[in-house]
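These are my notebook entries on a structure that I had not examined before. I set down what I looked up, one topic at a time.

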Amino acid sequence: MHEIVINLHMHTVYSDGTGTHKDIAQAAIKTGLDAVLVTDHNVLVQGLEGFYRVGRSRVLLLVGQEVHDQDRDPQKNHLLVFNANRDLSTLADDPQALINGVNDAGGLSFLAHPDDIASAAFKETSISWEAWDAHGFTGIELWNGLSELKTVLHTKLHGAFYAFFPHLIAHHPMLETLQRWDDLLTSGQRVVAIGGSDAHALHMHMGPVHRVIFPYDFHFRTVNTHVFIPEPLTGDVPTDKKMIYEALGAGQCFVGYDLPASTRGFTFKARGIEQSVIMGEEISAKRGVTLQAHLPIPAEIRLLQDGKTIGIWKDSQACAYSASEPGVYRVEVWRSYLGLKRGWIFSNPIYVR
Ligand SMILES: [Zn+2]
Ligand SMILES: [Zn+2]
């Protein structure tokens, strides 16, 4: 398997972002990403997918959309849609019909920023997911850069502070979202976790100060989704697009917070008597399974079974655990950064049946 680093969920001038697809591609190349998935609000921008190049470097830019009902007040239930290849915003007023429409179109759907809070200082309402009776979606956006920012924006002054010190913002996914994810997984559903930036590259004006706050390249260095594809990107857009969306849909990926240190190189595997699998896959518990995680550099590894921590390895680069019981197993990795313990890696689960 080959690991590629993707940043997903971002906005351009086609909705409420300030940059173009070309700006995004250039920022992605500058930060060393392999691919970016652009998701403007309620519009599927056509004709801009492809490899963008600067010198000898390239990045694959793919286009999905973020659909929500603009007539709803407050504007809850944002859904990230990938690979549907048609505009599904006409289904926005009914989350279940929208998810069904994505599935009918062969696409992937992820509940965006499921637990989002209001920010009174910035007149931002909560845009969390509310339609929890909906089913059939691919997964959830476990970690959203903008939702987390709203948790620290208590006043305008906080906004100005974090605009200049954005590396202090990210701590970990919302604990409510982690809990919801574990609840869905233990109820027997397969739910793929992804990390999104929700990058807009917004402009801030405070008196004489004008600054692009949280520019694309900042987001691209923070929360990324690392995806395992069967072979390196080929340069052929349809082939590469298919590999990426198949792996994302299957959960062969993890969420990595790459600012403290690159999470490239992380693996989580299970080995049984006859079979070896990676994140997103299923393996039989018969005759036992060995779960193994490996990190690029030492940190604190936590292994969870059905939402409960069953092992902690402090300051370790690898761990192994012999599992005899069926369950949904996933790994979290935590490390210190700028004086606080922060989430670093959140794997997708291995389903031991
Ligand atoms: Zn949104
Ligand atoms: Zn968004």
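Entry, metal site. I looked up the donors of the zinc ion (ligand 1) and found Glu66 (OE), His78 (ND1) and His113 (NE2), at 2.1 to 2.2 Å. I took donors to be N, O and S atoms within 2.8 Å of the metal (3.2 Å for Na, K and Ca); water is not among the atoms, so sites may look incomplete. I noted that His78 lies in the loop between E4 and E5 and His113 in the loop between E6 and E7, so the pair ties together parts that are 35 residues apart in sequence. Strands (E, at least two residues) are DSSP runs numbered from the N terminus. Both His78 and His113 are buried, that is, under 20% relative accessible area, with exposed being over 50% and partly exposed in between (1.4 Å probe, protein chains only). I also recorded that Glu66 bridges the zinc ion (ligand 1) and the zinc ion (ligand 2), which lie 3.4 Å apart.

Entry, basis. This is a predicted model, in which local features need pLDDT of at least 70 and side-chain atom pairs count only at pLDDT 80 or more, while totals for chains, interfaces and linings use all residues. Residues are numbered from 1 along each chain as its sequence is written, chains are lettered from A and ligands numbered from 1 in the order in which they are written, and side-chain values use heavy atoms, with hydrogens and water left out.

Entry, backbone. I found a cis peptide bond between Asp73 and Pro74, with omega about -5°. Lys123, not a glycine, has a positive phi of about 55°; Lys123 counts as exposed at 76% relative accessibility.

How values were computed:
Helix = DSSP H or I, 4+ residues; strand = E, 2+ residues; numbered from the N terminus.
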